[in-house]
Amino acid sequence: MSNDSFEQYSQAISVSFIDNHPPMMAIWWSFLTSIYESPVVLLIFHLAMLWSALYLLAKKYKNNYIFLIGLLPFVVNFEGVLWKDVGLAFSWLLALSIFLSLQNNKTRKILFLIFIFYGAAVRPNALAALVPILMYFYYMEYNWKPLKSGFISIRSEERRVGKECRSRWSPYH
């Protein structure tokens with residue numbers, strides 16, 4: 001645990017939250033410590049998110065080699081660390097795997113949004129990445145026509161202008 005992790009754990013134990021770190025991790029940690037008072041409960045939660053995500057992806061793609069991702073050195077390096085970055089990465093990986101692998105129903109949408117929200121709430125700078133993720137989710141879920149038609153019209157205009165420019169500078173005219 002780092003100094004930031006110790007500070008957030010002390011907030012979780014005292015149930016007194018300050019705003020020098022986003023309080024979401026400390027609030028969730030406080031809830032988890034009400035079940036079992038130890039810093040290891042957050043570690044178990046993070047690992048459960050990672051391995052659940054890998055399980056869902058392995059099941060979706062019918063490929064057990066996906067589990068090897070959890071054993072790669074750059075993943076193992078962070079599996080035992082109680083950082084906000086790890087909570088963000090593992091929760092968004094789980095949200096992605098839920099979105100890709102579960103059937104299209106209300107439960108899937110709710111779980112996706114819960115884990116996306118948790119990741120964004122533990123890292124405030126994740127909000128910049130949250131906008132395109134939610135736009136993509138909305139596009140894939142509801143086939144958002146303005147987004148689709150906007151991309152197509154921009155591309156078509158670029159192709160038209162590109163052809164005009166190429167023909168203007170062609171040595172054969």
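This is a predicted model: local features need pLDDT of at least 70, side-chain atom pairs count only at pLDDT 80 or more; totals for chains, interfaces and linings use all residues.
I began at the end of H3, where lysine 62 follows the helix with a positive phi, near 50°. Helices here are DSSP runs of H or I with at least four residues, numbered from the N terminus. Residues are numbered from 1 along each chain as its sequence is written, and side-chain values use heavy atoms, with hydrogens and water left out.

Next I checked the span of H3. Its 22 residues (40–61) reach 31 Å from first C-alpha to last, close to the expected 32 Å (1.5 Å times one less than the number of residues).

Then I looked up what is buried (under 20% relative accessible area; exposed is over 50%, partly exposed in between; 1.4 Å probe, protein chains only). In H3 the buried residues include Phe45, His46, Met49 and Leu50. Helices H2, H4, H5 and H6 are among what covers the buried residues of H3.

How many salt bridges does the whole structure hold? My search found one, counting a side-chain nitrogen of Lys or Arg within 4 Å of a carboxyl oxygen of Asp or Glu. The pair is aspartate 85 and arginine 123, with the closest N and O atoms 3.0 Å apart. Aspartate 85 sits in H5 and arginine 123 in the loop between H6 and H7, so the pair ties together parts 38 residues apart in sequence. I have aspartate 85 down as partly exposed, at 37% relative accessibility.

Last, I visited glycine 80, in the loop between H4 and H5. Glycine 80 is exposed at 58%.

Key:
Helices (H or I, at least four residues) and strands (E, at least two) are DSSP runs, numbered from the N terminus. Contact means heavy atoms within 4.5 Å.
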